[in-house]
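Trainee: I would like a close look at one part of this model, and then at what surrounds it. Please take it step by step.

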Amino acid sequence: MKLLLKGGRLVDPASRTDTTADVLVDDGRVAEVGPGLDAGGAEVVNCDGLVVCPGLVDLHVHLREPGREDAETIETGSRAAALGGYTAVCPMPNTDPVADNAGVVEMVAARGREVGLVDVFPVGAVTLGQRGSELAELGAMARSAAAVDCFSDDGRPIREARLLRFALEYARAFDAVIADHAEDASLTDGAQMHEGEVSAMLGLAGWPAAAEEMVVARDLLLAELTGGRLHLCHVSTGGAVELVRAAHFRGRPPPLHPDRRGRQLLRPGVQGQPAPAGEGRHRGGPPRAGRRHP
Amino acid sequence: MDKHLLSAADLTANDITRVLDTAAHLAKVTDRAIKKVPTLRGRTVCNLFFEDSTRTRISFELAAKRLSADVINFSAKGSSVSKGESLKDTAITLEAMGVDAIVIRHGASGAPWRLAEWVEAVVVNAGDGTHEHPTQALLDLYTIRQRFPGFDGLKVAIVGDVLHSRVARSNVLALTTMGAEVTLVAPPTLLPARVETWGAAVSYDLDAVLPKQDVVMMLRVQLERQRAGFFPSLREYARLYGLDGRRLDAMADHAIVMHPGPMNRGVEIAAEVADSLERSVIADQVANGISVRMALLYLLLGGPEVVP
């Protein structure tokens with residue numbers, strides 16, 4: 001079966017493409033790209049005014065299955081991803097039971113294939129039960145049918161530097177990535193919003209940017225020490241970006257994903273203009289920082 | 001004035017003057033043999049206290065009763081809240097019972113704002129988390145006005161745990177609105193982030209600040225702050241930031257000492273200072289609290305413009 005995507009704006013950062021062109025898909029594969037392609041017998045989709053691009057990958061999702069199917073399932077999450085233009089998602093391991101063994105990651109991957117809407121690449125836990133005390137069987141998960149190549153304790157930062165060091169080193173055997181949540185919990189205990197002028201006036205416990213940045217700095221140093229592959233989850237402060245940039249100049253750029261919630265959650269209250277107190281409807285961790293840093 | 005009293009920031013200089021003037025009129029009721037006027041007869045005021053606070057609750061209760069309002073005291077302990085009822089359900093229940101005003105004390109900063117969204121009744125913030133305590137600020141201003149001709153250029157030091165103090169936030173807002181010059185004095189660990197934007201001077205040195213002040217307002221320091229590591233020991237805190245007899249002597253002759261209570265005698269304030277007849281106005285603050293809260297309930301519950 002052939003499909004002709006006609007007249008769309010073709011965007012592909014990998015090949016530095018941003019142009020208007022047609023794409024001919026033959027039996028699920030891109031067969032030809034160029035302006036004014038002949039439809040032949042293909043079904044034509046008019047893409048005028050639309051963007052045609054490689055499928056997007058969401059590195060950090062929560063499909064909640066197994067354990068919290070009342071909130072989300074692999075099927076509902078896959079549907080949402082497909083609707084948003086994503087062709088692959090990486091569900092975090094904070095399920096119940098935790099995805100810290102081959103059985104759970106294989107179940108998640110298999111269920112993803114069964115739903116069949118997007119690729120589901122489960123992220124395995126770095127430590128048993130995400131408890132931060134002993135390494136999970138990264139090898140068993142990597143070599144399982146799920147072929148896990150990214151490990152993370154999700155929202156729980158790996159507190160002990162020694163353990164993160166071993167994880168980064170050990171994961172090299174499988175060329176896998178360790179994704180860390182950069183937060184020093186002793187600085188964020190009870191925190192309700194970004195620490196600054198507004199949190200102080202509202203009497204809300206603050207979350208200082210340093211809580212993220214000091215862990216980013218530590219993680220970068222350990223990545224350099226071990227030669228392991230580090231990923232930083234939802235980086236949210238300017239200072240963290242500067243640290244990553246400095247590491248880049250030292251020769252080991254770690255990948256990171258910026259906090260995707262981005263500007264839609266920037267409420268007046270966190271931009272420097274006080275919002276009415278009690279406006280607590282749009283919150284997340286890490287909290288939104290002010291426009292200027294700090 | 002707004003419908004509710006949530007923040008001292010919502011009060012203009014005119015609003016504050018009006019509250020203080022009204023309180024001065026109503027204070028005369030307290031001097032009578034029969035301490036009661038019929039102004040709020042038939043109105044119902046609910047004291048909704050999620051935190052223990054005997055003095056503030058009693059002050060509001062007396063204020064409402066002296067205006068002849070019916071008073072309900074709802075405390076979280078032993079109530080439906082201890083059975084897991086949410087603030088919203090409590091609010092809806094009170095609303096259904098037809099209360100006219102809700103005086104709320106809550107441990108969460110911002111709780112009175114949420115309450116005001118849910119109910120038709122007038123909401124008075126009697127202290128929310130580490131955020132604000134506007135009626136305390138108003139009674140403090142009333143007490144200051146009894147001793148000084150006005151606020152313009154008046155020098156007020158607020159000393160102690162500013163970081164966790166709702167009293168400090170509301171007082172800074174109200175005092176600066178009235179033109180006073182406020183200095184916050186505390187160890188750096190007990191000052192909020194970006195405190196330099198508050199429109200008040202900041203100092204870590206109580207002895208350098210004291211001689212220049214007209215008013216010295218001491219804040220309660222909670223013992224658990226020491227355990228949390230904000231300062232090394234109560235003894236060191238008292239030595240650096242406590243108001244003792246020696247420091248009292250360093251103050252100007254006309255200067256007064258205030259404290260919102262309850263006091264930790266021997267920590268932020270020495271007994272001889274708290275009990276000083278010439279300098280301490282702490283007992284006046286308690287008495288004035290009733291008059292100021294009468295004035296607020298009277299103004300917010302739509303009493304006639306003319307004071308009885």
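Trainee: Does B:Ala274 count as buried or exposed, and how many C-beta neighbours does it have inside 10 Å?

Mentor: This is a predicted model, in which local features need pLDDT of at least 70 and side-chain atom pairs count only at pLDDT 80 or more, while totals for chains, interfaces and linings use all residues. Residues are numbered from 1 along each chain as its sequence is written, and chains are lettered from A and ligands numbered from 1 in the order in which they are written.

B:Ala274 counts as buried because it has 20 C-beta neighbours inside 10 Å. The cut-offs are these: buried takes 20 or more other C-beta atoms within 10 Å of the residue's own, exposed takes 12 or fewer, and partly exposed lies in between, with C-beta atoms placed from the backbone. B:Ala274 sits in helix H11 (residues 271-274) of chain B. Helices (H or I, at least four residues) and strands (E, at least two) are DSSP runs, numbered from the N terminus.

Leaving aside residues up to four places away in sequence, B:Ala274 touches B:His259, B:Met263, B:Arg265, B:Ile269, B:Ser280 and B:Ile282. Contact here requires C-beta atoms, placed from the backbone, to lie within 7 Å of each other. B:Leu243 is 31 residues away from B:Ala274 along the chain, and their C-alpha atoms are separated by 9.1 Å.

Next, the sheet in chain B. Its five strands make an open, parallel sheet in the order S7-S6-S5-S8-S9; strands pair if DSSP finds at least two bridges between them. Strand S7 (201-203) and strand S9 (256-258) of chain B are the edge strands with a single partner each, so each has one side without a neighbour in the sheet. From one strand to the next, the twist averages 20°.

S5(B) and S6(B) run parallel and are joined by five bridges, with B:Val182 in S6(B) as the bridge partner of B:Val156. Together with H6(B), these two strands make a right-handed β-α-β unit. Right-handed means that, with the strands pointing away from the viewer, the path from the first strand over the helix to the second runs clockwise. In S6(B), four of the five residues are buried, so this strand is largely enclosed by the rest of the structure. S6(B) also pairs with S7(B) in the parallel sense over three bridges, and B:Leu184 has B:Val202 in S7(B) as its bridge partner.

Another β-α-β arrangement lies elsewhere in chain B. Five bridges join strand S3 to strand S4, which run parallel, and B:Ile102 stands opposite B:Val123 in S4(B). The chain goes from S3(B) through H4(B) to S4(B) in a right-handed crossover. Seven of the seven residues of S4(B) are buried, so it is largely enclosed by the rest of the structure. Helix H4 (residues 111-118) of chain B is also largely enclosed, because six of its eight residues are buried. The buried residues of H4(B) pack against helix H3 (87-96), strand S3 (101-106) and strand S4 (122-128) of chain B.

Helix H5 (residues 134-147) and helix H12 (residues 282-300) of chain B pack at an angle of about 115°, with their axes 8 Å apart. The residues of this contact divide into five nonpolar, six polar and three charged. For this count, Ala, Val, Leu, Ile, Met, Phe, Trp, Tyr, Cys and Pro are nonpolar, Asp, Glu, Lys and Arg are charged, and the others, Gly among them, are polar.

Finally, the interface: 13 residues of chain A are in contact with 17 residues of chain B. On the chain A side, helix H6 (residues 197-202) of chain A supplies the largest share, four residues.

Technical notes:
Axes fitted to C-alpha atoms, helices over the stretch in contact; angles between N-to-C directions. Contact = placed C-beta atoms within 7 Å.
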